[in-house]
Amino acid sequence: MTLKMFFHPARCVPFLLLGGLLLGVQARAASNAPAPAAKEGTLQVQVRIPASWQPIFEDRVTEAFVNRLRDVFERQGYHGDITEVSLFDEPSPGCCLLTVDLMDWRMNMVGNVDCSFGASLQTGDKVRSLGLFSGMAFRWMNGPGRFGLADSFGDAADDALRSLYRSVEKTGLVAGTKKK
C-alpha cells in the first residue's frame, strides 16, 4: 500500500466524522454549565421548538420569540427582568421559569400567519401548566414584501402572548405582574 493510497479522501471520512462528533460532545458538555445567576424576581424563559436540521435557525427562532415575549409582557404591564435560558443551561434557582413549547409559527395554506404554543410555569419544585395559546394575523394587513411578512409573524405571536400574559398574571406567582 502506498502512502498516496493511505491518505485517500474516502479513507479519511470516518476519522473526520469521529473528530467532529467528539468536538460536538465536548462543546455540549462545556455549555451545560449553569446559567448566569439571575437576580431574585427575574422571569426566565425557555423556548423549546421541534427539532430541525438547522440548529442556527432554531437559535434565531427562539431568540426572536423571547424578544416578542419581552415586548408584549412589558406593554401589558410586567415590571421585571426577563432572561432567556437555552435548553443546555440550568435555570437559576429562586426565579420563575416560563417554559414555552412552540408548536407552530408559520404561514398557513390560506396565507395567514398562525402561532400556537403550550406553556408551563415552574416556581421552585412546582410546575403549573398554563395551557395552550394561539394567535393569528392576516398576511395582507401588513403590506407587501419581507417586512410586511415579518410584521405578520410578529402580530400572530403578539396575539398569543397577550393571552399568555393574562394567564401568568392570574397565577399570582410571578413578581412584577400587576393584577387588573
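Q: Hi! Which exposed residues sit on the face of α3 turned away from its buried side?
A: Hello! That face carries Ile 56, Asp 59, Arg 60 and Arg 75. Keep in mind that we are looking at a predicted model.

Q: Okay, and which residues of α3 are buried?
A: Those are Glu 58, Val 61, Thr 62, Phe 65, Val 66, Leu 69, Val 72, Phe 73 and Gln 76.

Q: How many residues does α3 have, and how far does it reach?
A: Helix α3 runs over residues 55–76, which makes 22 residues. From its first C-alpha to its last it reaches 32 Å, close to the 32 Å expected at 1.5 Å a residue.

Q: What follows α3?
A: Gly 77 does, and its phi is positive, near 115 degrees.

Q: New topic! How many salt bridges does the structure hold?
A: There are three. One of them is formed by Arg 48 and Asp 101, with their closest N and O atoms 2.6 Å apart.

Q: Which parts does that pair tie together?
A: Arg 48 lies in strand β1 (residues 43–48) and Asp 101 in strand β3 (residues 96–107), so the pair ties together parts that are 53 residues apart in sequence. Arg 48 is partly exposed at 37% relative accessibility, and Asp 101 is partly exposed with a relative accessible area of 30%.

Q: What does the side chain of Arg 68 meet in a salt bridge?
A: The side chain of Asp 158, at 2.6 Å from N to O. Arg 68 belongs to helix α3 and Asp 158 to helix α4 (residues 145–171), so this pair ties together parts that are 90 residues apart in sequence.

Q: Is Asp 158 buried or exposed there?
A: Asp 158 counts as buried, at 5% relative accessibility. Arg 68 is partly exposed, with a relative accessible area of 25%.

Q: Which other residue forms a salt bridge with Asp 158?
A: Arg 75, and here the closest N and O atoms are 3.9 Å apart. This pair also links distant parts of the chain, with Asp 158 in α4 and Arg 75 in α3, 83 residues apart. Salt bridges that share partners join Arg 68, Arg 75 and Asp 158 into one network.

Q: And the largest nonpolar core, how many residues has it got?
A: It has 33 residues. Those with the most contacts inside it are Leu 43, Phe 65, Phe 73, Leu 98, Leu 102, Phe 117 and Leu 164.

Q: Which elements each supply at least two residues of this core?
A: β1, α3, β3, β4 (113–123), β5 (126–137) and α4 do. Helix α4 gives the most, with seven residues.

Q: What does Leu 164 touch?
A: Not counting residues up to four places away in sequence, Leu 164 touches Leu 69, Phe 73, Leu 98, Phe 117, Ala 119, Leu 130 and Phe 133.

Q: Last one: where is Pro 50?
A: Pro 50 is in the loop between β1 and α3, and at 51% relative accessibility it counts as exposed.

Q: Which residues does Pro 50 touch?
A: Leaving aside residues up to four places away in sequence, Pro 50 touches Glu 58, Leu 102 and Met 103. Pro 50 and Leu 102 are 52 residues apart along the chain, and their C-alpha atoms are separated by 7.5 Å.

Notes. Residues are numbered from 1 along each chain as its sequence is written. This is a predicted model: local features need pLDDT of at least 70, side-chain atom pairs count only at pLDDT 80 or more; totals for chains, interfaces and linings use all residues. Side-chain values use heavy atoms; hydrogens and water are left out. Helices (H or I, at least four residues) and strands (E, at least two) are DSSP runs, numbered from the N terminus. The expected span of a helix is 1.5 Å times one less than its number of residues. Buried means under 20% relative accessible area, exposed over 50%, partly exposed in between (1.4 Å probe, protein chains only). A salt bridge is a side-chain nitrogen of Lys or Arg within 4 Å of a carboxyl oxygen of Asp or Glu. A nonpolar core is a set of buried Ala, Val, Leu, Ile, Met, Phe, Trp, Tyr and Cys residues joined through side-chain atoms within 4.5 Å. Contact means heavy atoms within 4.5 Å.
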